[in-house]
Structures are given as structure tokens and as C-alpha cells.
Amino acid sequence: MGVEGCTKCIKYLLFVFNFIFWLAGGIILGVALWLRHDSQTTNILYLQLGDKQAPNTFYVGIYILIAVGAVMMFVGFLGCYGAIQESQCLLGTFFTCLVILFACEVAAGIWGFVNKDQIAKDVKQFYDQAFQQALLAESEANNGRTVVKTFHETLDCCGPDNVGAALTPLWSNDLCPKKDNILKSFLEFSNCHKKIDELFSGKLYLIGIAAIVVAVIMIFEMILSMVLCCGIRNSSVY
């Protein structure tokens with residue numbers, strides 16, 4: 001026989017939470033795909049300086065997000081179906097998947113918090129290496145100038161985070177977007193270190209907020225799924 005009373009309310013409440021969880025998985029998948037194909041990050045992270053490729057740590061995180069979004073949609077569907085069918089087996093599988101996902105999310109959150117500045121740091125080091133090559137007399141033999149110009153045009157910035165480089169007329173005239181004079185260029189353009197920090201920190205905050213919302217939903221779902229599973233077991237006894 002089916003569940004009755006408060007357990008029936010929990011059944012439909014769990015269905016609603018699972019539907020939200022399924023939608024959240026779809027949103028995360030969509031956001032991850034947007035981050036993967038965002039023009040700013042794509043222009044920068046596809047760059048190659050000689051034989052050295054731009055840091056791809058950011059894309060590794062994005063691929064993980066894509067996988068998480070797809071798994072969330074599957075688990076959300078499993079929870080919805082298990083709740084409607086009142087299946088202890090499906091609900092137990094759903095609960096196990098949630099526990100694994102929650103543990104992975106906590107581990108990923110700790111790793112992300114510890115390494116939150118590493119992505120921007122790696123990209124800034126890559127930019128600095130390209131900038132140094134662009135200043136060399138033999139820079140025509142490498143693509144350092146091309147890499148630096150791509151950074152400047154994509155981020156609308158000019159030069160690294162130091163005043164000494166800002167006073168170098170070579171890059172002010174040849175590598176940065178054209179202005180009437182060097183002083184105007186220096187005043188109107190932010191340094192590229194600051195722009196790189198803004199580019200990646202904004203995206204990481206977006207990912208962090210989404211992760212917190214999903215974690216709260218998962219906690220409620222784990223509680224409701226166990227309560228419903230116990231309610232189904234008790235109703236079958238009577």
C-alpha cells in the first residue's frame with residue numbers, strides 16, 4: 001500500500017527538491033559550458049608561448065563541473081522516479097549517490113579554497129614570461145609580442161603590475177591599444193595582473209555560490225529520502 005499522511009507530504013516534497021536538484025544540475029552544466037566557451041578565457045588559455053601552452057588548470061575545473069552537472073541531472077531524475085514509485089531500492093541508491101556527491105563536493109571545495117589564487121597566479125606568470133620575451137630585441141623570432149597583444153586586447157589592459165614596466169616606451173607604443181600619448185595610455189588602462197585577478201576571481205565566486213546552494217539542497221534531500229524510505233518500510237508492515 002502507498003504511504004499516507006505526513007509521509008505522503010514528504011514524498012511530494014522530496015519530488016520537488018529532486019526536480020530543483022535536476023534543474024540545478026542543468027544550470028551548472030550550462031554555466032560550465034558557457035565558461036568553457038567564454039571568449040575572454042578562451043582567447044587567453046588557448047595561447048601558446050613557443051613550446052609552452054597557457055595554464056589549463058581552469059579548464060580542468062570546468063570539465064569537472066560539466067561532469068558534476070551531468071551526474072546531478074541523472075541523480076535528480078533517479079530521486080524523482082524513486083519518490084513517485086515509492087521504491088526503497090531506488091531511494092537507497094539515490095541516498096548513496098548523494099553521499100558520494102556531497103563528499104566529492106566538500107573535497108573539491110576544500111581544494112578550491114586552498115588553491116583559489118593558483119589559477120590567476122599561473123596565468124600571470126605566463127603573461128610575465130610573454131611580456132619579457134616581447135621586450136627582447138630578438139622577440140621577432142618568437143610569438144611573445146603576439147601573446148602580450150592578445151592579453152591587452154582581450155582584457156583591455158596595459159602592462160604588468162609594476163611601475164618600471166609601465167614606463168617602458170617600447171610596449172606602451174607597440175603592444176598596448178593606441179592612445180594619444182604614453183601618459184594617457186597609462187592612466188586609462190588597468191594593469192593586466194589586476195584584470196587577470198578580476199577575470200578568474202569573478203568566475204570562481206560564481207562557482208562557489210552555486211556549490212553552496214547545491215550543498216544545502218543535497219542535505220535536505222538526504223534527510224527527506226531517509227525519512228521517506230523509513231516511512232515506506234513502516235507502511236509495508238501494516
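A salt bridge here is a side-chain nitrogen of Lys or Arg within 4 Å of a carboxyl oxygen of Asp or Glu. Keep that cut-off handy for the exercises below, and remember that you're working with a predicted model.

**Exercise 1. Work out how many salt bridges the structure holds, and what the Glu86 pair ties together.**

Start with the count: the structure holds two salt bridges. In one of them, Glu86 pairs with Lys11, and their closest N and O atoms are 2.9 Å apart. Glu86 sits in the loop between α3 and α4, while Lys11 belongs to helix α1, so the pair links parts that are 75 residues apart in sequence.

Now check how covered they are. Buried means under 20% relative accessible area. Glu86 comes in at 18%, so it counts as buried. Lys11 is buried too, with a relative accessible area of 8%.

**Exercise 2. Find the nonpolar patch on the surface and say which element gives the largest share of it.**

First, list the members: Phe19, Trp22, Leu23, Phe77 and Tyr81 make up the patch, with about 510 Å² of accessible area together. Then assign them to elements. Those giving two or more residues are α1 (6–37) and α3 (57–85). The largest share, three residues, comes from α1. As a spot check, take Tyr81, which is found in helix α3. Tyr81 has a relative accessible area of 45%, so it is partly exposed.

**Exercise 3. Describe the largest pocket: its volume, its lining and the element that contributes most to that lining.**

Begin with the volume, which is about 1400 Å³. The lining takes in 44 residues, and Ala108, Gly109, Ile207, Gly208 and Ala211 lie nearest the centre. Elements giving two or more residues to this lining are α1, α3, α4, α5 (118–135) and α10 (192–237). Helix α10 provides the largest share, 16 residues.

**Exercise 4. Compare the span of α4 with the expected value, and name the buried residues of this helix.**

Helix α4 covers residues 88–114, which makes 27 residues. From first C-alpha to last, α4 reaches 39 Å, close to the 39 Å expected at 1.5 Å a residue. Its buried residues are Leu90, Leu91, Phe94, Leu98 and Leu101.

**Exercise 5. Place Val214 in the fold and give the distance between its C-alpha and that of Ala24.**

Step back to the whole chain before zooming in. There are 10 helices and two strands, and from the N terminus on the order is α-α-β-β-α-α-α-α-α-α-α-α. Of the 238 residues, 39% count as buried. Val214, found in helix α10, is among the buried ones, at 4% relative accessibility. Finally, the distance: the C-alpha atoms of Val214 and Ala24 are separated by 7.1 Å, though the two residues are 190 residues apart along the chain.

Methods
Residues numbered from 1 in each chain as written. Predicted model: local features only at pLDDT ≥ 70, side-chain atom pairs only at ≥ 80, totals over all residues. Heavy atoms only, no water. Patch = residues over 30% accessible without salt bridge, like charges linked within 9 Å, V, L, I, M, F, W, Y side chains within 5 Å. Areas by Shrake-Rupley, 256 points an atom, 1.4 Å probe, with all protein chains shown as cover. Helix = DSSP H or I, 4+ residues; strand = E, 2+ residues; numbered from the N terminus. Buried < 20%, exposed > 50% of the residue type's maximum accessible area, 1.4 Å probe, protein only. Expected span 1.5 Å × (residues − 1). 1 Å grid on protein atoms, 1.4 Å probe; cavity = no way out; pocket = protein on both sides within 12 Å on 5 of 7 lines; lining within 4 Å. Points joined across faces, edges and corners; volume = space filled by probe spheres on them.
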